[in-house]
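Work through the following exercises with the sequence and the 3D structure at hand. Each task is followed by a stepwise solution.

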Amino acid sequence: MDRGSPSVVALCLLMLAGLASAQPEPEIGRWLAEEVDCPEGTELRRAEAPDGSRSALWCEASRGARVARHGPYLELYPDDTTARQGVYFKGVQAGLWVSWAPDGAMEQHRIVLPGEASRYLLQPEDLCPPGSVRERSFGHDDRPRMWSKCHEIDAEGRTLTVGPYVTWDAEVGPGGAKRYVLRSIMNYENDRRHGLHREFAGPFGREVLIEEETFASGHPDGESRAYYLDGSLRELRNYREGRFDGERVAYFPGGAERWRIVYENDRRILVEGDLSVAGQPCPEDAVPTASADGLELFCARRQLHFLWRDGAFERRDPNGAVVESGLYRNDKKVELWQAPPGVALPPKVSDEVQVAAIQLMLGDQPYTWLNSPPEEDALTEGVGEASGEALEEASSEAHGPAFDIWFRNNHTKKYPHPRTEVEDGVVKIYGLPPGNYYMKVEIDAEPSNPTKRAGDLASSLDFEVALGEITYAPASLLTTLRLIEPWDSNEDFAEKYLSCEGAIPLPPTGEAGARFAWRPPDPEDSRGFEYFYRVVRSRCDPPADLEEMVKASTFDTSIALELPPSSPGEVYEWTLYAKRGEHAIGQMMTFYEGGAYGWSLRFRVE
């Protein structure tokens with residue numbers, strides 16, 4: 001290491017403090033084994049791999065019987081050149097980790113984010129089984145999250161999830177830096193849950209185990225335990241091949257037994273104790289279930305590691321006073337008896353009350369070819385909350401093409417099921433309570449290919465619902481454009497190309513550049529379409545746009561792009577959309593095996 005630069009431990013601490021800031025990444029250099037400088041109070045250690053292929057060099061601190069890595073860590077090739085380098089901080093991986101090829105070319109670099117390593121995950125960079133690939137993803141479930149999973153390719157070319165699948169909640173810490181709070185570790189084997197599954201709760205840096213169960217071939221099996229935040233037992237369960245079998249016991253905080261049920265192949269054969277909440281008996285198959293903090297009690301059914309609330313609930317403050325109580329049905333709060341100030345259910349709105357009318361537009365013209373089939377209103381109820389499958393379909397020629405419509409509450413992130421009617425391209429919505437909603441419409445306008453593909457139409461819209469009013473708004477439909485060179489977007493890309501590091505390879509572009517071509521939104525009338533495209537050089541992990549390479553438009557249906565070869569850990573992302581005049585009218589989409597899709601083409605230049 002360069003003696004004139006900060007020590008790796010100091011550099012690590014700087015990175016941990018400022019990962020979410022706009023500070024540039026430190027310059028990456030290949031460390032030298034003979035220049036490893038251990039922090040004060042640590043000793044240099046070395047170990048050889050059993051097969052002699054690599055050796056490891058690290059700094060180690062000890063306090064009594066406890067021993068932990070602290071400082072630089074190197075993996076070395078047989079000639080003592082560095083194969084991998086990184087930093088440990090008080091026993092956990094931290095900061096920047098880099099892999100090097102034998103010739104000195106950088107193969108991969110990744111920053112271990114604050115909270116990604118913890119006492120439960122000392123080495124997130126070494127999570128995956130040998131031969132598999134680790135990938136991180138960032139997104140939004142019912143909250144901002146980060147996921148890590150491992151995959152391998154089997155002999156038939158299928159991508160299989162293996163090893164630990166980890167979930168973190170993202171939050172903003174002091175100073176505005178983003179950090180990640182551990183929430184679950186699930187283990188997989190051949191794409192099925194298999195092995196230990198653990199759930200966590202508690203604040204950043206002080207997460208505690210609250211659920212622990214074992215899966216076998218996709219099903220809970222054997223003994224499972226749930227804990228309160230103080231580590232005391234909350235519930236004990238026994239499974240056999242995914243079914244309750246044997247004793248299931250719940251405990252009050254402090255250790256007293258709350259209730260006991262004995263099952264035989266999912267059938268109750270003995271029940272002892274109180275199976276009620278707030279004086280109301282739980283519905284059949286539901287049981288009183290306590291939260292990990294011991295302050296909430298609710299009736300719930302359990303399926304795998306999910307809880308489905310159904311029946312009474314109540315929440316107390318730390319002094320034991322009830323601050324909220326009410327009723328759940330199908331995991332939705334439907335009634336409040338008591339609530340803290342400012343908490344109330346939205347007013348009920350009859351499904352006979354129209355709350356919105358959304359006119360679908362194609363360019364500057366109303367799209368009038370869509371209608372609900374008569375006497376089939378049951379098919380027009382949006383989307384199922386658990387499955388995410390759209391229910392609305394109308395396929396007869398007299399009523400236009402098949403279509404899907406679904407909604408999401410932008411505040412609760414739940415998926416409501418309003419009654420809808422479609423008449424001459426106007427979506428009439430009934431029964432939604434006041435709030436802000438997202439609506440998605442997908443129209444199978446080209447029946448010769450699968451839905452969402454080339455020639456099909458899609459629209460999305462955020463709209464407000466106000467009590468006693470009907471919201472009127474337009475929603476623009478976009479035609480899915482078909483890319484035909486250098487790949488045909490009407491065909492599924494292999495699932496292995498879905499990850500950032502495994503993006504689709506493109507041969508060197510050469511002086512003439514790489515040719516990209518597509519079909520116009522309307523094959524019978526290609527006049528007047530302007531196509532806007534953008535190429536961004538992006539980092540894979542953590543994801544970030546690094547440089548805008550190209551941003552332009554053309555009236556042709558093809559372009560040539562000359563791009564330099566991709567650096568390790570980087571890809572190009574190309575987006576394309578079409579306008580006619582001032583109106584957006586088309587967008588490119590890409591599709592992958594397994595059902596994943598996106599709105600950009602991610603590729604690497606070899």
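**Exercise 1.** Determine which strand gives the most to the lining of the second largest pocket.

*Solution.* Strands here are DSSP runs of E with at least two residues, numbered from the N terminus. A pocket is an open set of points on a 1 Å grid over the protein atoms alone, where a 1.4 Å probe fits, with protein on both sides within 12 Å along at least five of seven lines; lining residues have an atom within 4 Å of a point. Strand S28 (365-366), S35 and S43 each supply at least two lining residues. With 3 residues, S35 gives the most.

The model is predicted: local features need pLDDT of at least 70, side-chain atom pairs count only at pLDDT 80 or more, and totals for chains, interfaces and linings use all residues. Residues are numbered from 1 along each chain as its sequence is written, and side-chain values use heavy atoms, without hydrogens and water.

**Exercise 2.** State how much space lies in this pocket and which residues are closest to its centre.

*Solution.* The volume, the space filled by probe spheres set on the points, is about 790 Å³. Of 32 lining residues, Gly-455, Thr-479, Pro-521, Asp-522 and Pro-523 are the closest to the centre.

**Exercise 3.** Identify how S43 pairs with S35 and with S42.

*Solution.* Pairing requires at least two DSSP bridges between two strands. S35 (residues 478-481) and S43 (residues 583-588) are parallel, over 3 bridges; Thr-480 has Gln-587 as its bridge partner in S43. S42 (residues 570-580) runs antiparallel to S43, joined by 4 bridges, and Arg-580 stands opposite His-583. The hairpin of S42 and S43 has 2 residues between the strands, and Gly-581 in the turn has a positive phi of about 70 degrees.
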